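Student: Hi, I have a structure open and would like to talk it through. Could you take my questions as they come?

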Amino acid sequence: MTTPRYVIAAPQQASLPIVGKEQRFPVHRIYCVGRNFAAHSVEMGHDPDKEPPFFFQKSPTTLITDGGALTYPTATQDVHHEVELVVALAKGGDNIPVEQALAHVYGYAVGLDMTRRDIQAEMKKKGRPWDTAKNFEGAAPCGAIRQAAEIGHPNHEKIWLKINGELKQEGYLDQMIWKVPEVIAQLSRLFRLQPGDLIMTGTPSGVGPVSVGDTLEGGVEGVGTLTTYITER
Ligand code: MN
């Protein structure tokens, strides 16, 4: 008998479905942009002119696909939804020029940057990392990817989120402080971007709490929708 390569079962490759394709999109890293819509920045108590967007990450293991259930996480009483346009990269690189950034994009999806807001507030106060607020099990619901080759590059479309059919968040992609090419260029100065990277590009205003039993439906016009169910832990 041959010796298995690994001493324990190897973790599975995280991936997302692609609309109209049998093949899936393998996910390398998930980057997120903070405070990229002025109105959301204001609702969180910040001055959008003085505070440019910044970045954090979620683990690919936190992905939930369309129609999946998010088990209400532990250690929190205040889990918030943040609907976001997700960019999927086909090509990576360092120091990608803004003008060449969109040529690195494979496609787009609708995602939710789920957040333990109570923990985040505490971490902000203490000047500690946001990891426990942003990177928990199920923190990154994400819909199927639409190929840029089919839909182009969304840049002004409506983005929205409903809970149990009631509209909670609504904005337009042209309200983003940093547009997708700028986000890719900036990120590539800090990290070596790789094929398979996802970028959650920031949420419009209207974030708020979710409850067990809720159905969340997010959408970006021209990209698609994402449904996530909140279930008991
Ligand atoms: Mn966010």
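Student: Which residues coordinate the manganese ion?

Tutor: In this predicted model, the manganese ion is held by Glu82 (OE), Glu84 (OE) and Asp113 (OD), at 2.0 to 2.1 Å. Donors here are N, O and S atoms within 2.8 Å of the metal (3.2 Å for Na, K and Ca), and water is not among the atoms, so sites may look incomplete.

Student: How are those donor residues spaced in sequence?

Tutor: The pattern is E-x1-E-x28-D. Glu84 sits in strand S8 (residues 83-89) and Asp113 in the loop between strand S9 (105-112) and strand S10 (115-116), so the pair ties together parts that are 29 residues apart in sequence. Helices (H or I, at least four residues) and strands (E, at least two) are DSSP runs, numbered from the N terminus.

Student: Are Glu84 and Asp113 buried or exposed?

Tutor: Both Glu84 and Asp113 are buried. That means under 20% relative accessible area, while exposed is over 50% and partly exposed is in between (1.4 Å probe, protein chains only).

Student: Before we go on, what are the ground rules for the numbers?

Tutor: Local features need pLDDT of at least 70 and side-chain atom pairs count only at pLDDT 80 or more, while totals for chains, interfaces and linings use all residues. Residues are numbered from 1 along each chain as its sequence is written, and side-chain values use heavy atoms, with hydrogens and water left out.

Student: Good. Which residues of helix H5 are buried?

Tutor: In H5 (residues 180-190) they are Val180, Pro181, Val183, Ile184, Ala185, Leu187 and Ser188. Their cover includes strand S3 (30-34), strand S4 (54-58), S8, S9 and strand S15 (198-200). Contact means heavy atoms within 4.5 Å.

Student: And where is Ser41?

Tutor: Ser41 belongs to helix H1 (residues 38-43). Its relative accessibility is 0%, so Ser41 counts as buried. Not counting residues up to four places away in sequence, Ser41 touches Arg35, His46, Asp47 and Pro48.

Student: Switching to backbone angles: what is phi of Ala75?

Tutor: It is near 65 degrees, a positive value in a residue other than glycine. Most residues other than glycine have a negative phi. Ala75 is in the loop between strand S6 (68-71) and strand S7 (79-81), and at 58% relative accessibility Ala75 counts as exposed.

Student: What about phi of Asn95?

Tutor: Asn95 has a positive phi too, near 50 degrees. Asn95 is placed in the loop between S8 and S9 and is exposed, with a relative accessible area of 54%.

Student: Which residues does Gly222 contact?

Tutor: Leaving aside neighbours within four places in sequence, Gly222 is in contact with Arg146 and Ile151. Gly222 is found in the loop between strand S17 (215-220) and strand S18 (224-231). Gly222 and Glu157 are 65 residues apart in sequence and 7.4 Å apart in space, C-alpha to C-alpha.

Student: Let's zoom out. How many helices and strands are there in the protein chain?

Tutor: The protein chain has five helices and 18 strands. Its radius of gyration is 17 Å, close to the 17 Å that the globule rule gives for 233 residues, so the chain is as compact as a globular protein of that length. The radius is taken over C-alpha atoms, and the rule is 2.2 Å times the number of residues to the power 0.38.

Student: And what share of the residues count as buried?

Tutor: Of the 233 residues, 49% do. Among contacts between residues at least 6 apart in sequence, 75% join residues at least 24 apart.
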